[in-house]
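Work through the exercises below with the model open. Each task is followed by its solution.

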Amino acid sequence: MTYSLFDFLQLIGALGIFIFGMKIFSEGLQKIAGNRLKSILGGMTRNRLTGVITGFGATAITQSSTTTTVMAVSFVNAGLLTFVQSTGVIMGANIGTTITAWLVALFGFKFQITPIALAVIGIFFAFLFSKNARWRNIAEAMVGFGILFIGLEFIKGSVPEISSNPAMLAFLDSFTEYGYLSLIFFIFIGTLLTLLTQSSSAATAITLVMLFEGWISFPVAAAMILGENIGTTVTANLAALVGNVHAKRAARFHFFFNIIGVTWMMLVIFPVLHLLDSVVQFFTEMPVSVMSGDPASRANATLALSLFHTTFNVLNVVLLFAFVPFIVRFVEYIQPDRGGEEDEFHLRHISSGMMTSPLISVEQAQKEIQHFAGVIEKMHASVSELLFDPGADREKLAEKIHQYEKTTDQLEIEISDYLVRISERSNLEHELTDRIRNMQTMINDLERIADIYYQITKLADRMQDSKSSWPDEAFEEIRVMMDALHQAIHNMALNVSREPRDIKLEEAIAMEKQVNKLRNRFRENHYSRLENGNYSPRAGVVFIDALNRLERIGDHVINVNEFASGHRLKDKRVASSKR
């Protein structure tokens, strides 16, 4: 019986079912974890050891080392994690990803799990339509769990039998006749397999199936596992391509850390494999060695391979933990910080792509909005310097403010696009949908603030070109207005960084009322100055224009505060419309 193209397509389809099940399972687990996942991720900021625990915990919960490592890279990109702190998270993620292999080895090969998987889907399928969000998330995870193992069973059934395909056996044997060189070759095969599937979990599952079906020997399977550890670093490196130098360093560290681990393991691989073989034989009480390739030992060989996967990653962390500072220096040497503005103003959190979990994706966007608010604060400072510092380099400041304005335009477009992509996902919680809509409004208001500041610089240029000037009293009033706005903007930036439920709007409302009062008072003073001939009509027009624009900034600031908290102040809106 020969292996046909149709059989191969069935194998690809089975692999697709497995990867789809893994995706659904992972997303369901992340939704169940919810805010607890955020708390775990908060442990990243302490030290390298807690980072290892954090990386392990996050990967164990999400069943995705890719999610954890990409998140670590984006956090470094944002400055929330230092490069050194991220190294612990990455090491922990390496250990956490081995859990998938254990699930597959224990449930997929040691006993018949397909009937149980079908029963699990039957039990939880109805809850996918529940109005209770928690039950819906649990059902999603359990249905994904069932699909995962059904896919695994399909993979096992679609893999050709070696005994029925002697030509294929001879082809594989031709690559295993070179001893140590053959293992190096299969490291490359494992790396390539991970790149093709874009999932180290799927690549590991395929390797386990190949071992179980007798396609490859235990040492070859171990070499492929080492290659998959290299392949999984590619995702984080791709994510860092658009990141800053610190994100690139974190991704490079992941790559070199795993490369060093594979190198030392290859030096001792045969003694390690024999030791693990003895351990498995001892605990399973089976006299047949997994190294022998005997069909009776294949189920235990999958356990031994999972044990090898975990042992390698744990030992790699233990052995290299003390040498992390040296690896960090090496990475810093090959990825130098060239400085410059290009590393300061760019998308910091969402440049690495969407997270697997909608909740984490929204958190990424929220952090980006915090960055947006920070740019507005810097823009305010530059406009103040332009207006009130006579010794400032006006041309340089004007260009800087223009650059800020272009940055805010780009931030609005990119964040909005990211939020739209999150919204396109099905089964988003109602609360999450509302929050995304609020965030869309926030970025629109923030961009309008930047536009107004840029317009004010144009007013200042117009004054300069016409050689008009304001009396000292008018300058002081604009200064007082700018100071009041600075307080309001700083408070807004703090609120944007908080959870909606933690935002207290009273202070923001008081600041906006103060801005309105100042605008009303200074407007009256302006008309008095005009009547008394204290400045020319042209200068007066520019003054009242600037005053009104600054008051509108105050309106946009309170809008951002309201949408950050999730509460609209209807009474304030009515009062504002009557002004």
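**Exercise 1.** How many residues has the largest nonpolar core, and which have the most contacts inside it?

Solution. Start with the ground rules. This is a predicted model, where local features need pLDDT of at least 70 and side-chain atom pairs count only at pLDDT 80 or more, while totals for chains, interfaces and linings use all residues. Residues are numbered from 1 along each chain as its sequence is written, and side-chain values use heavy atoms, leaving out hydrogens and water.

A nonpolar core is a set of buried Ala, Val, Leu, Ile, Met, Phe, Trp, Tyr and Cys residues joined through side-chain atoms within 4.5 Å; buried means under 20% relative accessible area (1.4 Å probe, protein chains only). The largest such core has 71 residues, and Tyr453, Trp470, Ile478, Met492, Leu550 and Ile553 have the most contacts inside it. Helices (DSSP runs of H or I, at least four residues, numbered from the N terminus) that each supply at least two residues include H18 (358-388) and H23 (537-565). H20 gives the most, 15 residues.

**Exercise 2.** Which residues does Ile553 touch, not counting residues up to four places away in sequence?

Solution. Ile553 touches Ile449, Ile452, Tyr453, Ile456, Leu485 and Ile489. Another core, of 59 residues, lies apart from the largest one and has Trp215 among its members.

Technical notes
Buried < 20%, exposed > 50% of the residue type's maximum accessible area, 1.4 Å probe, protein only. Contact = heavy atoms within 4.5 Å.
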